[in-house]
Amino acid sequence: MKFDFFIKPYQSAIDVMAIYERDEIKQEYFFLNRDFIINQCLVDGKEYMIAENAELVSVETLDGYIAKKYQLPKSFNQILLKYTGYLTGKTGCCPYVRETISPDFTFLRWESFCYPLFFDGGDSNSLSDFLETKLAIDVAVAMPEEFTAVSCMPDVERIIENGIKKQVFWSDRINISIAIAKYIVKKLSFGTFYLFSETDVGQLENTLKTAHDFMNEHFGSKDISSRTNYAAIPNRFGSFATYITVFIDESAFGATKSMNQIIHEFIHLGWNVKADALTQRARFFDEAFTSYFEMRVMEHLLNDDYRLIEYIGAYKNQLARYDANVPIIEFGLHQYGDLCYTIGAICLHKLSEFVGVETFEEATRTFLKRYKETPVNMEIFCNEYINLCNKPGLEQFFEDWIYTTRGPKSFIASC
C-alpha cells in the first residue's frame, strides 16, 4: 500500500494518489472524507467511473462522524485513486481533532479520512479493528521546502528538489498523524524538538531532566529514547503521544507551570502498563496514572499542589455532563474515559494517602514493571495493590472508589 500526499499549504489543499494491491483490498467499497473529490480511479489500469452520488455513512465508532462510501467492482487486482481535498479544521470526528491545511500549520490524522479505508467486517463498526491491523504502508509527503513534516511514523527518506521537499514515512499500521509547519528544529538530550518560535531550550531541557529524575527515583527507572520527536501544535488541537512522536500544545514550551502538558506526554513514553482492550476504554491505566504522576512531578517542580486543586475543579465541572453514579469500573462501558484525567487521578492520590506514599510508590514500581507487557484489568490492579500494600481496609477502599461511587462523592462533598 502506497500513498503520495502533495500538500499545498498556500491553497489549503491536498492532492493524493493511493495505490492498493489485491491482498490489501478487503472488499468492494471504501470510505473517504466527505469533503474530498475523486479525480480518477483506475481498476487494473483501466478507467473506472465511480458514482458521483456516494452514500453517506455515519461511522458509529468515531462519534457520529460522516464519511462517503464508494462502491467498486467485485473482482480486481489493483486500484489507483487520485483525489483532492480541502481541510479547514472542521472535518475532525472528535472535538479535539482539527485537521487543517494552511500556511501556518497543517495537521492530518486518520480521523480526517484523508485516504480511502479498506477493512474486513461490517461497514462502520469494524473500523476500530481495522486501525489496529498490522500492515506495511509507505506514505510520501511532498510540500514546499520551507516546511517540515513530523509524523508518528519513522522518517525513512528525505529529498529536496526544485523547491519541493519530499519526506517518506513507513508504518506497520494505518493510523497516521502528521504535523507540517515551518518548524525551528532543536536537538536536546531527550529527543528532537520541532518548535514554532525560538524557545528557552535550556529551561525545557532542565524541566524534562527534573521530571525524568523524579519519575526514575519514585516509580522505576525508564530510558526515554533520544530519537523521540516533540512537535508543537497550535492551542486547542489536543496534545497526545504516539510511538515515536509527542504532539504537544505550543503553550507547553513557555513557563515551567505550563509544561505540565509536555510532562504528561513525556510520562506516557515510559510509565504506563498495558491494559486489555475492554479495560483500556476506561482510560484508567494510561490517563489516571499519568495524570497522577504529572501532578506529583509538578508539585516537586513548583512546591505547590495546584494540579490537585485543578483536578478537583475540573471534575466538579465534568459532573454537569457526566452521571456521578457511574463508578470507575464502568467508565469504559459509558465512554467516560475523560473522567480518569480527574477523578481517576484523585483516586490514586487518595490511595497513596491511605496506604502511605512510600508504600504506594514501592507497589507502583512493582506494578509498572510486572504489567508493562502483560495486559492488566481492574480486578488484577486491585488484587495486586491489596497484596503489595498489605493494608487493612484496602478492599473496602477499592469498593468505595472503583466499584461504587461512594469514595468520589464523599471526597467531593468534603472539598
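This is a predicted model: local features need pLDDT of at least 70, side-chain atom pairs count only at pLDDT 80 or more; totals for chains, interfaces and linings use all residues.
# Contacts, burial and strand pairing

Trainee: What makes Lys 69 count as sitting over the ring of Tyr 29?

Mentor: The charged end of Lys 69 is 4.5 Å from the centre of the Tyr 29 ring. The distance limit is 6 Å, and the charge must also be within 35 degrees of the ring normal.

Trainee: Which ring does the charged end of Lys 257 sit over?

Mentor: The ring of Tyr 306, with 4.6 Å between the charged end of Lys 257 and the ring centre. That value is also within the 6 Å limit.

Trainee: How do you know whether Asp 249 is buried or exposed?

Mentor: Its relative accessibility is 6%. Buried means under 20%, so Asp 249 is buried. This residue belongs to strand β19, which covers residues 245-249.

Trainee: What does the side chain of Asp 249 reach?

Mentor: The backbone nitrogen of Ser 251, at 2.9 Å. The limit for a polar contact is 3.5 Å, so this distance falls inside it. Beyond its neighbours within four places in sequence, Asp 249 touches Ile 233, Pro 234, Asn 235, Arg 236, Ser 239 and Gln 261.

Trainee: What makes Arg 283 and Glu 287 a salt bridge?

Mentor: Their side chains meet at 3.3 Å, N to O. The cut-off is 4 Å, so the pair qualifies. Their accessibilities fall in separate classes: Arg 283 has a relative accessible area of 28% and is partly exposed, whereas Glu 287 has 5% and is buried. Salt bridges with shared partners join Arg 283, Asp 286 and Glu 287 into one network.

Trainee: How many salt bridges does a search of the whole structure find?

Mentor: The search finds 13. One of them pairs Glu 294 with Arg 307 at 2.7 Å, N to O. That pair links distant parts of the chain, with Glu 294 in helix α5 (residues 284-302) and Arg 307 in helix α6 (residues 306-318), 13 residues apart. Glu 294 and Arg 307 are both buried.

Trainee: What makes Asp 400 and Arg 406 qualify as a salt bridge?

Mentor: The N to O distance is 2.9 Å, and the limit is 4 Å, so the pair counts. Arg 406 has a relative accessible area of 46%. Exposed needs over 50%, so Arg 406 is partly exposed.

Trainee: What is the order of the strands in the open sheet of eight?

Mentor: The order is β5-β4-β8-β2-β1-β10-β13-β12, and the pairing is mixed. β5 (46-47) and β12 (155-161) are at the edges because each has a single partner strand, which leaves one side of each without a neighbour in the sheet.

Trainee: How do you know that β4 and β5 pair?

Mentor: Two bridges join them, and they run antiparallel. At least two bridges are required, so β4 and β5 meet the requirement. Val 43 has Lys 46 as its bridge partner in β5. The two strands form a hairpin with two residues between them, and Asp 44 in the turn has a positive phi of about 55°.

Trainee: How many bridges join β12 to β13?

Mentor: Six, and the strands run antiparallel. Ile 159 stands opposite Lys 166 in β13. β12 and β13 form a hairpin with two residues between them, and Asn 162 in the turn has a positive phi of about 55°.

Terms used. Residues are numbered from 1 along each chain as its sequence is written. Side-chain values use heavy atoms; hydrogens and water are left out. Helices (H or I, at least four residues) and strands (E, at least two) are DSSP runs, numbered from the N terminus. Buried means under 20% relative accessible area, exposed over 50%, partly exposed in between (1.4 Å probe, protein chains only). A polar contact is a pair of N or O atoms within 3.5 Å; within protein, one must be able to donate a hydrogen and the other to accept it, and residues adjacent in sequence count only if both atoms are side-chain atoms. Contact means heavy atoms within 4.5 Å.
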